[in-house]
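User: I would like to learn how to read side-chain contacts in a model. Please give the general idea each time, then the case here.

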Amino acid sequence: MTSKMAGLDFRSHTSCLIVFFGFLGLISFPAEAAIRKYQFDIQVKNVSRLCHAKPIVTVNGRYPGPTIYAREGDRVLVNVTNYAKYNLSIHWHGLKQHRNGWADGPAYITQCPIQSGSSYVYDFNVTGQRGTLWWHAHILWLRATVYGAIVIMPKPGTPFPFPKPAREFEILLGEWWNNDVEEVEKQGNRMGLPPNMSDAHTINGKPGPLFACSEKHTYAMEVEQGKTYLLRIINAALNDELFFAIAGHTMTVVEVDAVYTKPFTTKSILVAPGQTTNVLVQANQVPSRYFMVTRAFMDAPIPVDNKTATAILQYKGIPNTVLPLLPHLPPSNDTGFALSYNKKLRSLNSVQFPANVPLKVDRNLFYTIGLGKNSCPTCVNGTRLLASLNNVSFVMPQVALLQAHYFDVKGLFRTDFPDRPLTPFNYTGAPLAANLGTSIGRRVSKIGFNSTVELVLQDTNLLTVESHPFHLHGYNFFVVGSGIGNFDPVKDPLKYNLVDPVERNTVGVPTGGWTAIRFRADNPGSVWFMHCHLELHTGWGLKTAFVVEDGPRQDQSVLPPPKDLPAC
């Protein structure tokens, strides 16, 4: 990188980057790693959707926020300055942050939030990763509007393991509330009930023409006949798993969560909150206008925002007066599609991009997922909903766990989270509404450095079964098995895929079923958050963390904290 570029300040460099990365797929980069600098100003802006105007929290006044562009091997510095009234942190979802938990971002886990009027520089390396990830606020429900894409191109001279697209597009799926989303959440907490569901889904922040006052709030993507395009699709919704489809066109899935997959073709995809999916789309239909649509998937008896958001794929030269065609999505409760789609996801497992699945397991964990009720005299029904893992509902601290761990502050958390439920039961049998004495606390698991871990996540019928997308910070993992009903520790491991299982950072546990993942704990010395990526359930306590111990060498421990780390 030239000294002239290094001397640019954050704002001017950001402007340069927008131009510099305009057509990433067509640019040749220098061989050396670069430093990419961005300035994120957290600011409130008035935005109108669905005939409603309201102030929302944004990055640089944009909704969704700006895309972070980098190459594998680059160093990225993002200076976040908080001009909003809310204290806030940013999580770089899916980046492994090797030895660098200080840059991970979850508030009160790896850092205290950035106070209003303060700044913090997230300084991290993009090592051994390429593909589509994303960033979002990681406190309260602020990620409803504070989110954006991360696009990591392969190292120079390293082609995609699929045909080079003519162009790329980022597609961010989200949710919109007409009311202040933080007030919606607070009202739900006061009542002890789920908050009001969203008023619309969005595609790149826009609900599309099926909603009132939305003609100008429709995202359109122009394509040329005969060319192939790469769509980088991100589910940034707070609480909804989402289908996505394009009328008249099939999609070829080539990557999930920034890991290449064996390609397969499908008419629809399913993306859980927190997940990303890259697809190739061939513009091989009669030139016209075609709707791209997204709608919620929910196969449990739980109310959900079932309204359809739309965007437009438009062939070059076709006038806007042509009415777009609508695609057929799977039924909103199509369990069969969800299961078969996820079974098709397999790692590429090539010589260049191998699937290094742990074959020997050092630590076996079995976590049950449950909903419950605790007494709340001021709530509507005298109870408050909560969620738990192994009957432990996690309570957030007021000091970051990583700081407490690093500076050896006693009493903030315990490292005795149970490896399995204390009382086994028929997890997916008849609904259980009894008070099972859910404990509330701050308990985490201690994991030995470089040990191999198998974690089985088991859904239960405590109040109700439901699908849960779980995200592990600091790691990717391999999804070696999944099924409906209760996990059988004797029979089910015999059916594991240990050759080319899909590798990702967020996985859906099927409704009334289980998912088994494996990973190697080679990211040392930090506290790595693991939680349901339904924001509703995270707030109810469906979360825990892993404290990964240091290794024997000096370079096998967390780096010292940065000097500008926010104080609580």
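Analyst: Start with the salt bridge: a side-chain nitrogen of Lys or Arg within 4 Å of a carboxyl oxygen of Asp or Glu. This is a predicted model, so local features need pLDDT of at least 70, side-chain atom pairs count only at pLDDT 80 or more, and totals for chains, interfaces and linings use all residues. Residues are numbered from 1 along each chain as its sequence is written, and side-chain values use heavy atoms, with hydrogens and water left out.

User: How many salt bridges does the structure hold?

Analyst: The structure holds 19. Take Lys262 and Asp500: their closest N and O atoms are 2.9 Å apart. Lys262 lies in strand 15 (residues 259-266) and Asp500 in the loop between strand 27 (477-484) and strand 28 (503-504), so this pair ties together parts 238 residues apart in sequence. Helices (H or I, at least four residues) and strands (E, at least two) are DSSP runs, numbered from the N terminus.

User: Which other residue forms a salt bridge with Asp500?

Analyst: Arg346, with the closest N and O atoms 3.0 Å apart. Arg346 sits in the loop between helix 4 (335-344) and strand 20 (363-375), so its pairing with Asp500 ties together parts 154 residues apart in sequence. Arg346 is partly exposed, at 34%. Shared partners join Lys262, Arg346 and Asp500 into one network.

User: What about aromatic rings?

Analyst: Rings of Phe, Tyr and Trp (its six-membered ring) pair if their centres lie within 6.5 Å; planes under 30 degrees apart are stacked, over 60 edge-to-face, the rest tilted. The whole structure has 28 aromatic pairs. For Trp92 and Tyr122, the centres are 5.3 Å apart and the planes at 70 degrees, so the pair is edge-to-face. Trp92 is in strand 5 (residues 90-93) and Tyr122 in strand 6 (residues 119-125), 30 residues apart. Both Trp92 and Tyr122 are buried.

User: Which residues form one aromatic cluster?

Analyst: Phe40, Trp92, Tyr120, Tyr122, Phe124 and Trp135.

User: Where does the charged end of Lys54 sit?

Analyst: A charge sits over a ring if NZ of Lys or CZ of Arg is within 6 Å of the ring centre and within 35 degrees of the ring normal. The charged end of Lys54 sits over the ring of Trp176, 4.5 Å from its centre.

Conventions:
Buried < 20%, exposed > 50% of the residue type's maximum accessible area, 1.4 Å probe, protein only.
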